Amino acid sequence: MFENCSIMIIRAGTRSEDIYRVDVDADTQKAICSAFSTAQDELVSSKTRVEFDGSYKPHSDEFLAIAHFQLPDAIMDAIRDPLGVPPYQKQGDDFPEIKAIFVGERTENEGTEKFNVGFQRFRKEQYISTRWYNLFFDANTFFQEKRFGISISDSIDCYYTEGELQFTSFYFARQIFDLGNYYRSATDSEVFEFTGSSKLAFENTDTFIAMANTWIRRKIAMINDSKVLQNYPAAEIRNLAATAGVEIETQEDRIVIPNDKERVKVILGFLDEEAYKGPFSQITFLANSKRQIRNR
């Protein structure tokens, strides 16, 4: 895989429209493409595929997959015609900032294209700083190198194949692609509507809205989708929470949402079935992910 593939750069600050080709010698190209091929195998080989839904953190023997992922046209065009992609070089006084590096291949069968692409997010430490003294060893002596350079690692963060994006870390994958459309997260209007729910009593709605980060927004979306607040009265939710070691206060058949962020996380976690009491230790835990077990 990735034999004779060109090495490409996605410019930072764009939505994958700005692509540049990294011109390297034949031996370097072969080595990097081979490393990406090995990294792809390590990313998914012998691992269990788990459909991504935004609520599950995979184990080391699993990977997440987004089916029907729309690969940006600019990336497919670059793989189709790498020589038509402008080379990565200085623009004005500096080089363009890098968001990600990828290598990819295209095959065609009975008029249908297939793309296999490995992506690596680019970190700031991968720039070889020209402000420092970069010493390279040759013939028993270190020599200073003052030219601009970048370092490419031997790992990838996500892999595209058969219309599917595969990865193990959502945090890293979203540094390359905007994945907001592939999982439920409450919008500003949904957060506002949540604070106006007749089943909830907020100590301070402005404080809650201000603390509504991505995690809280995902919990709101999951709670809304499950309809747990519509299906269960506040008193029953309070009693069920008590059996799990979670303290929930009620006020006139409404669940009290306090101003304390940690308590809010526990309450919302319980409403989304992620707070539970360990059956052996009897300690209450807040899970960082969940996955439904399907009985066979």
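**Start with the whole chain**

Colour the charged side chains: the protein chain has 35 positive and 46 negative ones, and the centres of the two sets lie 3 Å apart. Here Lys and Arg count as positive and Asp and Glu as negative, while His and the chain ends are not counted; each charge is placed at NZ of Lys, CZ of Arg, CG of Asp or CD of Glu.

Before you go on, know that this is a predicted model, where local features need pLDDT of at least 70 and side-chain atom pairs count only at pLDDT 80 or more, while totals for chains, interfaces and linings use all residues. Residues are numbered from 1 along each chain as its sequence is written, and side-chain values use heavy atoms, with hydrogens and water left out.

Now switch to cartoon view. Zoom out, and the C-alpha trace spans about 75 × 50 × 40 Å along its principal axes. The radius of gyration is 25 Å, whereas a compact globule of 296 residues would have one near 19 Å (taken over C-alpha atoms; the globule rule is 2.2 Å times the number of residues to the power 0.38).

How much of the chain is buried? The figure is 41% of the 296 residues, where buried means under 20% relative accessible area, exposed over 50% and partly exposed in between, with a 1.4 Å probe and protein chains only.

**Stop one: helix 4**

Select residues 188-195, which make up helix 4. Glu190, Val191, Phe194 and Thr195 are buried here. They sit on the same side of helix 4, because they cover an arc of only 140° around the axis (the arc of the directions from the helix axis to the C-beta atoms). Handy background: an α-helix has 3.6 residues a turn, so residues three or four places apart point the same way.

What do the buried residues of helix 4 pack against? Show strand 13 (200-202), helix 5 (205-210), helix 6 (214-226), helix 7 (228-231) and helix 9 (261-271).

**Stop two: a pair of loops**

Pick His68, in the loop between strand 4 (62-66) and helix 2 (73-80). Its phi is near 55°, a positive value in a residue other than glycine. Most residues other than glycine have a negative phi. With 75% relative accessibility, His68 counts as exposed.

Then jump to Glu110, in the loop between strand 5 (98-109) and strand 6 (112-121). Glu110 has a positive phi of about 55° too, although it is not a glycine, and at 78% relative accessibility it counts as exposed.

Select Val256 in strand 14 (residues 255-257). Buried or exposed? At 10% relative accessibility, Val256 counts as buried. Leaving aside neighbours within four places in sequence, its contacts (heavy atoms within 4.5 Å) are Ala201, Glu203, Glu249, Thr250, Gln251 and Ile267.

Finish at Phe143 in strand 9 (residues 141-145), which counts as partly exposed at 46% relative accessibility. Draw a C-alpha to C-alpha distance from Phe143 to Val228: they are 85 residues apart in sequence and 66 Å apart in space.

How values were computed. Helices (H or I, at least four residues) and strands (E, at least two) are DSSP runs, numbered from the N terminus.
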